[in-house]
Amino acid sequence: MAAPTGSPEHRRARELPEWLLGGLTSLEDLIYLVVALVLLGVAVASLYTTISNLLDSRGDFATSATTAINGVLFVVIILEIFRTLVAHLEGGGFQLRPFLIIGVISAVRHILLVGALSTTTEHKMFNQTQIELGVNAGVALVLVIALVLLHRSGMTSDLDNDE
C-alpha cells in the first residue's frame with residue numbers, strides 16, 4: 001500500500017537529491033545573473049539614446065524635455081528591476097518595495113506622456129485623456145499608500161515572514 005500524499009514517507013520519496021537541487025539553484029542564479037547583465041546593458045543603451053536624442057532634437061523644447069524625462073524614468077524602472085535581481089542573488093528574497101516603486105514610476109511616466117501628448121495634439125480626445133490621467137493618478141496614489149503601509153509594517157522581503 002502506498003504512503004498517503006501528505007505523509008513524511010511520501011515527502012521523502014519525492015525529495016530530489018541534494019546535488020540536483022544544488023545544480024538547479026546554481027543554474028537559476030546563472031540565469032538571474034545573465035538577465036541582470038542584459039538589463040544593465042538595456043539601461044545603458046536607453047540612457048545613451050535618450051541623451052543623444054535630447055541633444056540632437058530639433059523640435060520644441062517641451063516635447064524634447066518630456067521625451068527625455070520619459071526615457072530617464074524608463075532607465076530608472078530598468079535599474080529598479082536590476083536592483084531587485086541583485087538583491088535576490090544576494091539572498092534577500094522577493095522584494096516587494098521595488099515593484100511598488102516601479103509601479104509608481106510607470107504611472108507617473110504615463111501621466112507625463114499623456115499630458116505631453118495632449119498639449120501637442122488637438123483636444124479631440126479630451127474625455128479619454130482626462131480618464132487616462134485620472135486612472136493613472138489613482139493607480140499612483142494606491143501604490144504610494146501601499147508603500148507607506150509596507151514601510152510601517154517593517155517588512156522588507158518575503159524572508160521576514162519565515163522568522
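Trainee: What relative accessibility does Arg83 have, and how does Arg83 count on that basis?
Mentor: Arg83 has a relative accessibility of 43%, so Arg83 counts as partly exposed. Please bear in mind that this is a predicted model.

Trainee: Which side chain does Arg83 meet in a salt bridge?
Mentor: The partner is Glu90, and the N to O distance between the two side chains is 3.4 Å. Side chains of opposite charge can pair when their charged atoms come close.

Trainee: And Glu90, is that one buried or exposed?
Mentor: Glu90 counts as exposed, because its relative accessibility is 59% and the cut-off for exposed is over 50%.

Trainee: How many salt bridges does the structure hold?
Mentor: The structure holds one salt bridge.

Trainee: Let us turn to the overall fold. How many helices and strands are there?
Mentor: The protein chain has five helices and zero strands. Read from the N terminus, the order of elements is α-α-α-α-α.

Trainee: How much confidence did the predictor assign to the chain?
Mentor: The average pLDDT of the protein chain is 81, and 82% of the residues score at least 70.

Trainee: Which elements have the lowest and the highest mean pLDDT?
Mentor: The lowest mean pLDDT, 57, belongs to helix 1, residues 8-14. Helix 2 has the highest, at 91.

Trainee: What are the dimensions of helix 2?
Mentor: Helix 2 covers residues 18-56, which is 39 residues. From its first C-alpha to its last it reaches 57 Å, close to the 57 Å expected at 1.5 Å a residue.

Trainee: And helix 3, how far does that one reach?
Mentor: Helix 3, residues 61-89, reaches 42 Å from its first C-alpha to its last with 29 residues. That is close to the 42 Å expected at 1.5 Å a residue. Just after helix 3, Gly91 adopts a positive phi of about 90°.

Trainee: Back to helix 2. Which of its residues are buried, and what covers them?
Mentor: The buried residues of helix 2 are Ala36, Leu39, Ala43, Ser46 and Thr50. Their cover includes helix 3.

Trainee: Which residues form the largest nonpolar core?
Mentor: That core has eight residues: Ala36, Leu39, Ala43, Val75, Ile78, Phe82, Leu85 and Val86. Helix 2 and helix 3 each contribute at least two residues to this core, and the largest share, five residues, comes from helix 3.

Trainee: What does Leu39 touch, sequence neighbours aside?
Mentor: Beyond its neighbours within four places in sequence, Leu39 is in contact with Ile78, Ile81, Phe82 and Leu85. A second, separate core of five residues includes Leu100, Val104, Leu143 and Leu150.

Trainee: I am also curious about Asn136. Where does Asn136 lie, and is Asn136 buried or exposed?
Mentor: Asn136 lies in helix 5, residues 126-153. Asn136 is buried, because its relative accessible area is 14% and the cut-off for buried is under 20%. Leaving aside neighbours within four places in sequence, the contacts of Asn136 are Ala107, His110 and Ile111.

Trainee: Lastly, what share of the contacts joins residues at least 24 apart in sequence?
Mentor: Among contacts between residues at least 6 apart in sequence, 71% join residues at least 24 apart.

Note on methods. Residues numbered from 1 in each chain as written. Predicted model: local features only at pLDDT ≥ 70, side-chain atom pairs only at ≥ 80, totals over all residues. Heavy atoms only, no water. Helix = DSSP H or I, 4+ residues; strand = E, 2+ residues; numbered from the N terminus. Expected span 1.5 Å × (residues − 1). Buried < 20%, exposed > 50% of the residue type's maximum accessible area, 1.4 Å probe, protein only. Contact = heavy atoms within 4.5 Å. Salt bridge = Lys/Arg side-chain N within 4 Å of Asp/Glu carboxyl O. Core = buried A, V, L, I, M, F, W, Y, C linked by side-chain atoms within 4.5 Å. pLDDT = per-residue confidence, 0-100.
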